[in-house]
Amino acid sequence: MRPRVPGPLGPGATIGILGGGQLGRMLAIAAARLGFRVHIYEPGPLPPAGAVAAAVTRAGYDDVAALRAFASDCDVVTCEFENVPAQTAETLAVSTVMRPNPRALEIAQDRVDEKRFLHNLGIATAPWAEVDRAADLLGALARTGAPAILKTRRLGYDGKGQARLSGPADAEAAWHRIGAQPAIMEGFVPFSAELSVIAARGTTGEVVCYEPGRNVHRDGILHQTTVPSGLPRGVLQDAVLVAGKILNALDYVGVMGVEMFHVPGKPVMVNEIAPRVHNSGHWTIEACVVDQFEQHIRAVAGWPLGDGSRHSDAVMTNLIGDEIDDWPRLAAEGGGLHIYGKAETRPGRKMGHVTRIGPRR
Ligand code: AMP
């Protein structure tokens, strides 16, 4: 069994990553640049991260023998997605170090636990109510007000597992649309902007936040992130302080994406936390000295955090589904083009992104 990491990992150490998607791929590239080996653990075939990693284990998250072998090869294990089963994290934690810690993953896996956690920290959110069964729907809607959004408690992402309601008459249909499972009712926030903070916390407790970006979603999927956001300085400061509070409360190590709503005249509201690098932080690759991926690797390796300041203005646009077919034109444009190397193009699937930068205003 490997010893638990006492101090910073040196070059040549192995960083394990649970999940082999595009976030794992960009983490692996950043880790390689700092001299680390990366071992990807992924149940599915042909993971995009596998093509740029030193080792890949293809096994299920419930495969105890495979998890043990993986843990014994890794000096530290991190993840590129939040839905790591609790049992998986426990198995790994016996013989290696998990960063961020499993508690952060657990809270982010359940929208009700997440809201309670934020409430206990005094952080504003949309009005919400728990919905365990159909009989709870109307009471919940009375508490949140209409319009509202019904979301599954667990395993929702990119707007999946969500249904909008304009009033009580829609409640039954919404319940069935999300698969009649434990849910949360959220009052619809009349936001003027969505923003996110990409925040990092190191093993010594230092926190570095990137400048908050302004996000535009299409069909529940992030379309574009723009920095600077154009939001008032006070809002940006509020956003960064809220993010720092969350990371400190969780004794978090690594990068986290904190998605927020801005309603003029109100404190920022947190929509959700993602205990990992985040799509809305991809702009940092071209526009910052140290990007979110390197920052996460630095944090989980116990290194000092890097300089997250921005030297350029940036607009990051996702390439969803067959938008990736436009790559020859985008390549000719000469900006920051990223193609994730996914085996198959599907509607709604994140296939790549492009970041256009300009001089910092
Ligand atoms: P989520 O999966 O919770 O991040 O939701 C995806 C997107 O749906 C968000 O980025 C918002 O654009 C929108 N959305 C989610 N929850 C709310 C809410 N309570 N009020 C208004 N818009 C919301």
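Author: Start with contact: it means heavy atoms within 4.5 Å. Keep in mind that this is a predicted model.

Reader: Which residues is His353 in contact with, leaving aside its neighbours within four places in sequence?

Author: His353 is in contact with Met26, His282, Met316, Thr317, Asn318, Leu319, Gly336, Leu337, His338 and Tyr340. His353 itself is found in strand 17, residues 350-359.

Reader: Why does His353 count as buried?

Author: Buried means under 20% relative accessible area. His353 has 0% relative accessibility, so it counts as buried.

Reader: What makes the pair of His353 and Tyr340 a polar contact?

Author: The cut-off for a pair of N or O atoms is 3.5 Å. The side chains of His353 and Tyr340 make their polar contact at 2.6 Å.

Reader: Why are helix 4 and helix 5 called roughly perpendicular?

Author: Roughly perpendicular covers 65 to 115 degrees. The axes of helix 4 (residues 102-109) and helix 5 (residues 111-120) cross at roughly 110 degrees. Helix 4 and helix 5 are therefore roughly perpendicular. Their axes come within 5 Å.

Reader: Which residues meet there?

Author: From helix 4, Arg103, Ile107, Ala108 and Gln109. From helix 5, Arg111, Asp113, Glu114 and Phe117. They divide into three nonpolar, one polar and four charged.

Reader: Which residues come nearest to the ligand?

Author: Of the 17 residues around the ligand, Lys151, Gln162, Val189, Glu194 and Glu272 come nearest. A polar side-chain atom of Lys151 lies 2.8 Å from a ligand oxygen. For an N or O atom in the side chain of Glu194, the distance to a ligand oxygen is 2.6 Å.

Technical notes: Residues are numbered from 1 along each chain as its sequence is written. This is a predicted model: local features need pLDDT of at least 70, side-chain atom pairs count only at pLDDT 80 or more; totals for chains, interfaces and linings use all residues. Side-chain values use heavy atoms; hydrogens and water are left out. Axes are lines fitted to C-alpha atoms, for helices over the stretch in contact, and angles run from 0 to 180 degrees between N-to-C directions. Helices (H or I, at least four residues) and strands (E, at least two) are DSSP runs, numbered from the N terminus. Angles under 35 degrees count as roughly parallel, over 145 as roughly antiparallel, 65 to 115 as roughly perpendicular and the rest as oblique. Ala, Val, Leu, Ile, Met, Phe, Trp, Tyr, Cys and Pro count as nonpolar, Asp, Glu, Lys and Arg as charged, and the others, Gly among them, as polar. Buried means under 20% relative accessible area, exposed over 50%, partly exposed in between (1.4 Å probe, protein chains only). A polar contact is a pair of N or O atoms within 3.5 Å; within protein, one must be able to donate a hydrogen and the other to accept it, and residues adjacent in sequence count only if both atoms are side-chain atoms. A residue is near a molecule or strand if one of its heavy atoms lies within 4 Å of it.
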